Amino acid sequence: MTQHLGEFEQMILLAILQADADAFAVAIIRELDQRAGRRVDRGALYKTLDRLEEKGLVTWSVEEPTPERGGHRRRRFEVTKSGMDALRASRKALFHLWDGLEAVLDGAS
């Protein structure tokens with residue numbers, strides 16, 4: 001069964017895909033800000049990432065600490081196959097809902 005995604009969940013999954021190999025918290029926040037114009041604090045991001053992980057839509061791995069990061073580790077996030085399936089289903093549902101509304105949304109009478 002395909003999981004339904006909320007708007008913020010979709011945005012985070014898409015930001016992870018956009019960030020690709022650099023999908024750490026800072027890069028995800030930057031993608032959301034730059035591409036979607038949505039400012040997100042770390043707490044909200046991590047809460048949603050944890051929820052997405054519980055749903056099986058994301059996974060993460062820990063990068064080894066480096067001197068540049070003061071010896072701190074960081075998590076790199078990846079969208080799972082289930083996450084990709086959920087994104088595809090959400091996109092398809094939205095396209096179906098948008099279909100035929102161009103004139104209404106463009107302001108034509």
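## A residue of helix 1

Isoleucine 12 is found in helix 1 of this predicted model. Its relative accessible area is 0%, so isoleucine 12 is buried. Leaving aside neighbours within four places in sequence, isoleucine 12 is in contact with Leu32, Leu45, Thr48, Leu49 and Leu52.

Isoleucine 12 and leucine 49 lie 37 residues apart along the chain, and their C-alpha atoms are separated by 7.9 Å.

## Overall architecture

The protein contains 5 helices and 2 strands. Read from the N terminus, the order of these elements is α-α-α-β-β-α-α. The radius of gyration is 16 Å, whereas the globule rule gives 13 Å for 109 residues; the protein is therefore more spread out than a compact globule. The C-alpha trace spans about 60 × 30 × 20 Å along its principal axes.

Of the 109 residues in the protein, 28% are buried. When contacts between residues at least 6 apart in sequence are considered, 55% of them join residues at least 24 apart.

## Surface and charge

The accessible surface of the protein amounts to about 7500 Å². Carbon and sulfur atoms account for 52% of that surface.

The protein carries 17 positive and 18 negative charges. The mean position of the positive charges and that of the negative charges are 2 Å apart.

Threonine 48 belongs to helix 3, which covers residues 42-54. With a relative accessibility of 4%, below the 20% limit, threonine 48 counts as buried. The side chain of threonine 48 reaches the backbone oxygen of alanine 44 at a distance of 3.0 Å. Not counting residues up to four places away in sequence, threonine 48 touches Phe8, Glu9 and Ile12.

Leucine 49 also lies in helix 3, and its relative accessible area of 1% makes it buried. Beyond its neighbours within four places in sequence, leucine 49 is in contact with Ile12, Ile16, Val58 and Phe77. The C-alpha atoms of leucine 49 and leucine 13 are separated by 8.9 Å, although these residues are 36 apart along the chain.

## From helix 1 to helix 2

Aspartate 20 lies in the loop between helix 1, residues 7-19, and helix 2. Its phi angle is near 55 degrees, a positive value in a residue other than glycine. Aspartate 20 has a relative accessibility of 55% and therefore counts as exposed.

Helix 2 comprises residues 25-36, and alanine 36 is found in it. At 39% relative accessibility, alanine 36 counts as partly exposed. Not counting residues up to four places away in sequence, alanine 36 touches Met11 and Glu31. Between alanine 36 and alanine 93, which are 57 residues apart along the chain, the C-alpha separation is 20 Å.

## From strand 2 to helix 4

Threonine 80 lies in the loop between strand 2, residues 74-79, and helix 4, residues 81-98. Leaving out residues up to four places away in sequence, threonine 80 touches Gly56, Leu57, Val58 and Thr59. Val58 is also among the contacts of leucine 49.

Leucine 97 lies in helix 4. With a relative accessibility of 61%, leucine 97 counts as exposed. Leucine 97 and methionine 11 are 86 residues apart along the chain, and their C-alpha atoms are separated by 18 Å.

Methods: Residues numbered from 1 in each chain as written. Predicted model: local features only at pLDDT ≥ 70, side-chain atom pairs only at ≥ 80, totals over all residues. Heavy atoms only, no water. Helix = DSSP H or I, 4+ residues; strand = E, 2+ residues; numbered from the N terminus. Rg over C-alpha atoms; globule rule 2.2 N^0.38 Å. Buried < 20%, exposed > 50% of the residue type's maximum accessible area, 1.4 Å probe, protein only. Contact = heavy atoms within 4.5 Å. Areas by Shrake-Rupley, 256 points an atom, 1.4 Å probe, with all protein chains shown as cover. Lys, Arg positive; Asp, Glu negative; His and termini not counted. Charge placed at Lys NZ, Arg CZ, Asp CG, Glu CD. Polar contact = N/O pair within 3.5 Å; in protein donor to acceptor, adjacent residues only side chain to side chain.
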